[in-house]
Amino acid sequence: MKYYYKIYGLILESDYEFHQFVKADEGLEKDTDIKIIHGGIRKDIEGHITENHNVGFYDGGMWFKNQVGSFWIHDKSEINFVENEGLSADDAAQFLPGMCLSILLWYRGDVMMHGACLFYKGKTMIISGNSGAGKSTLTTELINLGAKLIADDVTAIRNENGEYKAYPAFPAQKLCDDQVDRSGMERKRLKRVKYDKNKFEIPRIDVFCSDAKRIDCFYRIEKQDVELLKKEIITGAEKLRIITDSIFIKWMFHENFKLTPEDMIKCIGIANQVDIYRVIRPDEKDTLKDIIRYIDGNT
């Protein structure tokens with residue numbers, strides 16, 4: 001059976017069902033842009049996959065193996081995946097919406113940012129930061145205040161007629177235990193994320209923004225050993241550094257999979273278009289309301 005979805009402004013055909021994705025309207029399946037196929041990894045690539053050789057690159061594609069399965073991304077349009085022995089397709093599929101689609105869309109020319117994207121008070125903002133910085137807590141509070149979700153953890157940015165726009169991912173958010181409790185959600189009604197038992201998957205259909213939006217601002221959230229909340233407007237070359245440091249799959253860059261001059265031009269274009277702010281929050285203090293006030297003051 002084939003399933004059809006609309007994601008990142010593209011039509012996805014898959015023989016694996018994604019309950020969290022937005023289904024494509026009838027008739028759109030003929031306009032398929034990308035495919036996800038369970039099985040079908042080419043034999044010569046299968047022969048390269050071993051415990052000691054778990055990633056490979058070639059012109060226009062790559063493959064990798066991790067703790068749950070093997071994945072082959074190729075031709076700027078297809079992802080094949082196979083689960084490891086003793087595991088299920090569901091186990092392996094956990095890596096398709098984030099890592100695999102990010103790699104595929106990078107090959108297609110999108111800039112994939114590690115951060116949530118929201119439409120809030122008439123502006124489109126990306127909230128980025130390292131693990132534990134408080135991105136999800138801030139994103140959830142902004143949603144509670146009326147923000148619409150465009151993407152939760154990975155934002156796809158595409159140049160459209162000279163404007164850099166964020167394209168909607170899917171209506172779901174991953175939240176840690178304390179964030180769920182803080183929001184007053186009932187855990188028994190929520191689904192645990194398989195590969196990260198400390199997180200829940202939260203449906204966000206009611207607050208999902210399904211339209212591509214021109215990006216206006218970028219907030220880099222950091223947590224450090226400081227006494228007071230620090231806020232600064234980023235200018236000059238530092239804007240470009242923050243953009244490139246926030247690329248989702250930067251840690252995977254390799255001789256055959258890297259920032260090209262064309263990619264740098266896109267990053268420069270994004271940096272020139274958006275206002276960038278850095279917020280450094282104290283390690284042990286609750287500064288959420290202060291950060292919200294700062295964001296409100298910039299919108």
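Leaving aside its neighbours within four places in sequence, which residues is Thr244 in contact with? I will come to that in a moment, after saying that what we are looking at is a predicted model, and after placing the residue.

Thr244 lies in helix H6, which covers residues 237-245. Once those sequence neighbours are set aside, the contacts of Thr244 are Lys250, Leu259, Met264 and Cys267. Because its relative accessibility is 10%, and the cut-off for buried is under 20%, Thr244 counts as buried. Its side chain also reaches back within the protein, to the backbone oxygen of Arg241, at 3.1 Å.

Let me widen the view to the helix as a whole. H6 packs with helix H7, residues 261-273, and their axes come within 9 Å of each other, crossing at roughly 120 degrees. That angle is why H6 is described as oblique to H7, and the crossing is right-handed. On the H6 side the residues that meet H7 are Lys239, Leu240, Ile243 and Thr244, while on the H7 side they are Met264, Cys267, Ile268, Ile270, Ala271 and Asn272.

How many of the residues of H3 are buried? The count is twelve of twelve, so that the helix is mostly covered, and among the buried residues are Pro97, Gly98, Cys100, Trp106 and Tyr107. After H3 comes Gly109, and the phi of Gly109 is positive, near 110 degrees.

Note on methods: Residues numbered from 1 in each chain as written. Predicted model: local features only at pLDDT ≥ 70, side-chain atom pairs only at ≥ 80, totals over all residues. Heavy atoms only, no water. Buried < 20%, exposed > 50% of the residue type's maximum accessible area, 1.4 Å probe, protein only. Helix = DSSP H or I, 4+ residues; strand = E, 2+ residues; numbered from the N terminus. Polar contact = N/O pair within 3.5 Å; in protein donor to acceptor, adjacent residues only side chain to side chain. Contact = heavy atoms within 4.5 Å. Axes fitted to C-alpha atoms, helices over the stretch in contact; angles between N-to-C directions. Parallel < 35°, antiparallel > 145°, perpendicular 65-115°, else oblique. Left-handed = near helix turned anticlockwise from the far one by under 90°.
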